[in-house]
Amino acid sequence: MSTSELETHAYDVVVIGAGGAGLRAAIASHESGARTAIVCKSLLGKAHTVMAEGGIAAAMGNVWPDDNWRVHFRDTMRGGKMLNHWRMAQLHAQEAPDRVLELEEWGALFDRTKDGLISQRDFGGHRYARLAHVGDRTGLEMIRTLQQRAVALGIDVFMECTVTKLLKDVDRIAGAFGYWRDSGRFVMFEAPAVVLATGGIGKSYRVTSNSWEYTGDGHALALDAGASLVNMEFVQFHPTGMVWPPSVRGILVTESVRGDGGVLRNSEGKRFMFDYIPEFFKGETADSEAEADRWYEDKKNNRRPPELLPRDEVARAINSEIKAGRGSPHDGIFLDIASRRDAAFIQRRLPSMYHQFKELADVDITAEAMEIGPTCHYVMGGVEVDPDTGVSVVPGLYAAGEVAGGMHGSNRLGGNSLSDLLVFGRRAGLHAGYFAYRHRRRPVRVHQQQVNAAAEAAVAPFAQDGGENPYTLQRELQEVMQELVGIIRTEDELTESLRKLADLRRRAGELSVEGHRQYNPGWHLALDLPNMLTVSECIAMAALERTESRGGHTREDFPGTDESWGGINLILTNDAGGELSLQRQDLPRMPDELHELFEVK
Amino acid sequence: MGYPLSMRLWRGDRDGGALQDFTVEVEEGEVVLDAIHRVQATQAGDLAVRWNCKAGKCGSCSAEINGRSRLMCMTRLSDFGHEDVITVTPLRAFPVVRDLVTDVSYNYVKARELPAFAPTPPDADGKRRMMQQDVERGQEFRKCIECFLCQNTCHVIRDHEENKPAFAGPRFFLRYAELDMHPLDTHDRRELAQSAAGIGLCNITKCCTEVCPENIKITDNAIIPMKERVVDRKYDPLVWLGTKIRRRDDRTEL
């Protein structure tokens with residue numbers, strides 16, 4: 001393919017992804033003066049952020065004046081079992097309030113306190129009520145606000161355009177190559193800086209809250225471009241996904257149900273979470289129903305209900321109850337708010353949950369309990385980045401949001417994702433713009449052979465007749481990850497998963513797709529599959545290596561948290577031969593003045 | 001229990017197309033989008049369909065199901081009998097790209113024509129104060145998931161391509177109303193709602209409200225009040241006189 005027939009655009013910064021992180025990055029990049037483009041797989045405003053429900057965690061102190069960034073920082077680190085990059089957790093806690101206020105300046109309409117300030121709600125692992133929210137559709141409010149801001153600024157958006165390859169000029173980023181979904185035609189972006197904001201990996205699992213876009217594209221693009229991934233073994237299974245009917249299995253049920261007073265019960269009607277309070281959280285968790293119930297009104301003199309332990313703890317407990325035969329009729333557990341709050345309260349605070357259960361499951365959540373179970377929700381691991389700038393080890397390549405790693409350690413607290421997107425989206429966009437400016441006299445050059453190779457790889461599935469069906473392969477991949485690299489892991493199963501993934505990788509080289517290049521979902525899936533396989537291999541490899549249980553990584557054969565693992569990150573890179581390679585690396589050490597926050601008072 | 005479902009799906013592109021028959025096994029509790037995905041995975045790998053969340057939250061999978069504008073992910077098979085044929089066609093108000101996917105860029109063009117929110121400065125502590133009852137009207141409109149079913153159903157543009165340049169459609173009347181009712185906005189877009197967005201062309205048949213999957217009362221709560229506000233500004237002699245003597249509000253007219 002000659003360059004003359006290839007649609008080509010030149011920008012200072014190209015942002016891949018248009019969820020919260022991508023949009024916030026593009027706004028920051030644009031405002032820094034950089035010529036900025038957003039490239040996204042879906043229509044603008046449809047990215048996965050739209051599904052976030054509960055809220056944005058930010059220590060604004062609107063409801064509890066005692067709240068401040070230090071408390072939020074401490075909660076975040078403890079929720080991540082201290083494996084978070086301390087500097088990311090610090091920046092996040094410090095800057096989140098400003099990022100929320102900024103959304104309001106751009107038109108967001110948050111729920112209010114009696115004084116007219118932004119209201120804040122309770123969530124798991126957070127000491128104070130600190131989630132800014134709009135009912136239970138906060139993500140929609142956030143994405144629409146950012147989308148409208150980006151539109152108002154006139155930022156160029158390439159919608160339904162998928163990037164398949166990052167281009168490089170020696171060691172630097174030189175741009176990105178992709179295709180238009182509607183026409184199937186190729187497009188190239190020349191840019192000295194690229195921000196990855198592609199989200200997560202959930203579509204590698206059968207039961208997930210994630211949408212089709214979550215195929216690990218950014219993780220795989222980064223590895224391919226020479227960047228490193230950190231702690232991919234940590235995958236969050238959200239404790240409460242729908243389980244019935246089968247077609248909705250995995251769809252998220254917001255943690256706000258518990259934040260607003262909902263409790264978990266087994267088939268015997270027991271609030272079983274009291275039996276699962278780990279030593280690590282005993283000091284801050286109520287040990288009686290009476291204390292737990294008092295906490296909603298009086299946080300000073302009471303400890304948090306165990307239903308609001310961090311998600312990894314709750315998901316494991318639910319899993320154990322179901323395995324012990326105390327589950328609900330459809331292999332879930334009961335989430336009950338109907339008996340705890342009146343119907344008007346539930347409909348006002350949880351309108352979209354009410355709607356979702358009514359429409360999809362014929363369940364009236366103001367009158368009966370919901371059936372729920374764990375669902376793959378979030379990957380804590382991701383591209384290893386510099387906390388302050390979001391730059392990866394590849395000059396010009398930035399990452400923010402779910403695709404970046406380190407911020408959440410081994411487990412993310414609810415509400416910390418939307419704030420993460422805003423804080424680090426802004427930082428990555430700003431620094432990418434700054435990088436492009438600093439390098440304005442040293443332009444990058446796109447190498448034709450890279451473009452040709454990317455184009456050839458993209459059309460390869462059309463060249464083959466009688467090969468594998470991509471939909472079948474995706475289903476098999478999801479089975480492997482669900483069954484062998486799921487919420488509870490063992491050495492034998494992880495070893496088997498790697499063998500099966502290698503076999504799927506071989507078969508993915510023999511895919512066939514029917515039809516032509518115009519809006520062809522079979523072809524699109526065939527191009528997403530290698531990315532899904534790459535992130536799956538990363539997760540399985542790292543999970544096999546880490547012989548302990550911590551946060552979102554539970555090894556049945558190593559059930560305890562092992563202090564010797566507490567200071568170790570697992571780093572994945574592509575070696576010279578294109579094979580995945582795994583190294584151990586020391587966790588960055590927290591300065592003493594922050595360390596003091598964790599000493600027992 | 002599973003059963004074989006008969007479907008007729010429109011297949012084609014800009015140059016034309018036709019309904020094609022499929023029979024697919026479906027299960028209890030499934031929605032139309034599940035059935036279409038199974039057709040895709042087993043019978044027509046290149047069947048084009050746009051979707052994202054499959055939970056009624058993103059507004060991507062809009063189509064016409066047995067002639068009605070609906071989200072495929074929120075249309076349950078149990079709403080139909082086992083013997084019924086389900087026919088799915090692309091949105092009619094927008095050009096077809098391929099199969100069930102349409103080019104909805106009209107809506108994104110209209111979004112760009114709408115001047116953004118411009119708030120008053122924050123209070124001394126850097127925060128803004130608004131009462132819950134004052135934000136609730138806007139919050140209803142901001143539930144909009146941009147599925148564009150209201151746009152597709154609105155007869156001003158549904159069969160009248162020629163009206164599109166002068167008419168923004170119900171989705172954007174919601175947005176005009178939201179901003180006009182925002183307690184802190186400093187811009188007055190009433191003139192634009194009339195001249196640029198063409199709210200006067202709407203004759204309140206409420207078709208948009210009927211198809212809204214978020215149950216937003218588009219006509220009653222947004223369009224009619226917005227029409228009244230536009231008219232107030234233009235024709236009410238007392239208001240007109242008032243604006244000459246003393247400014248009715250401090251907003252800047254756009």
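**Exercise 1: two helices**

Which word tells you how α2(A) and α3(A) stand to each other?

*Solution.* Before you start: this is a predicted model, where local features need pLDDT of at least 70, side-chain atom pairs count only at pLDDT 80 or more, and totals for chains, interfaces and linings use all residues. Residues are numbered from 1 along each chain as its sequence is written, chains are lettered from A and ligands numbered from 1 in the order in which they are written, and side-chain values use heavy atoms, without hydrogens and water.

Step 1. Find the helices (DSSP runs of H or I, at least four residues; strands are runs of E, at least two; both are numbered from the N terminus). In chain A, α2 covers residues 69-79 and α3 covers residues 86-105.

Step 2. Take the angle (0 to 180 degrees between N-to-C directions, with axes fitted to C-alpha atoms, for helices over the stretch in contact). For α2(A) and α3(A) it is about 140 degrees, and their axes lie 8 Å apart.

Step 3. Pick the word: under 35 degrees is roughly parallel, over 145 roughly antiparallel, 65 to 115 roughly perpendicular and the rest oblique. So α2(A) and α3(A) are oblique to each other.

Step 4. The crossing of α2(A) past α3(A) is right-handed.

**Exercise 2: a sheet of four strands**

In what order do the four strands of the open sheet with β13, β14, β15 and β16 of chain A stand?

*Solution.* Step 1. Strands count as paired if DSSP finds at least two bridges between them. Walking across this sheet, you meet β13, then β16, then β15, then β14, and the pairing is antiparallel.

Step 1. Look at the ends: β13 (235-242) and β14 (263-265) are the edge strands, each pairing on one side only. From one strand to the next, the twist averages 45 degrees.

Step 2. Zoom in on β15 (residues 333-336). It has three antiparallel bridges to β16 (residues 370-379), and β14(A) also pairs with β15(A) over three antiparallel bridges.

Step 3. Check the partners. A:Leu335 sits opposite A:Met370 in β16(A) and is also the bridge partner of A:Leu264. As for A:Phe334, look across to A:Glu371 in β16(A).

**Exercise 3: over to chain B**

How many bridges join β1 of chain B to β2 of chain B?

*Solution.* Step 1. Line up β1 (residues 3-13) and β2 (residues 16-26): they run antiparallel, and eleven bridges join them. One bridge pair to spot is B:Leu5 with B:Val24.

Step 1. Follow the chain between the two: a hairpin of two residues links β1(B) to β2(B).

Step 2. Then turn to β5 (residues 85-89) of chain B, which pairs with β1(B) in the parallel sense over four bridges. Here B:Ser6 faces B:Val85.

Terms used:
Left-handed = near helix turned anticlockwise from the far one by under 90°.
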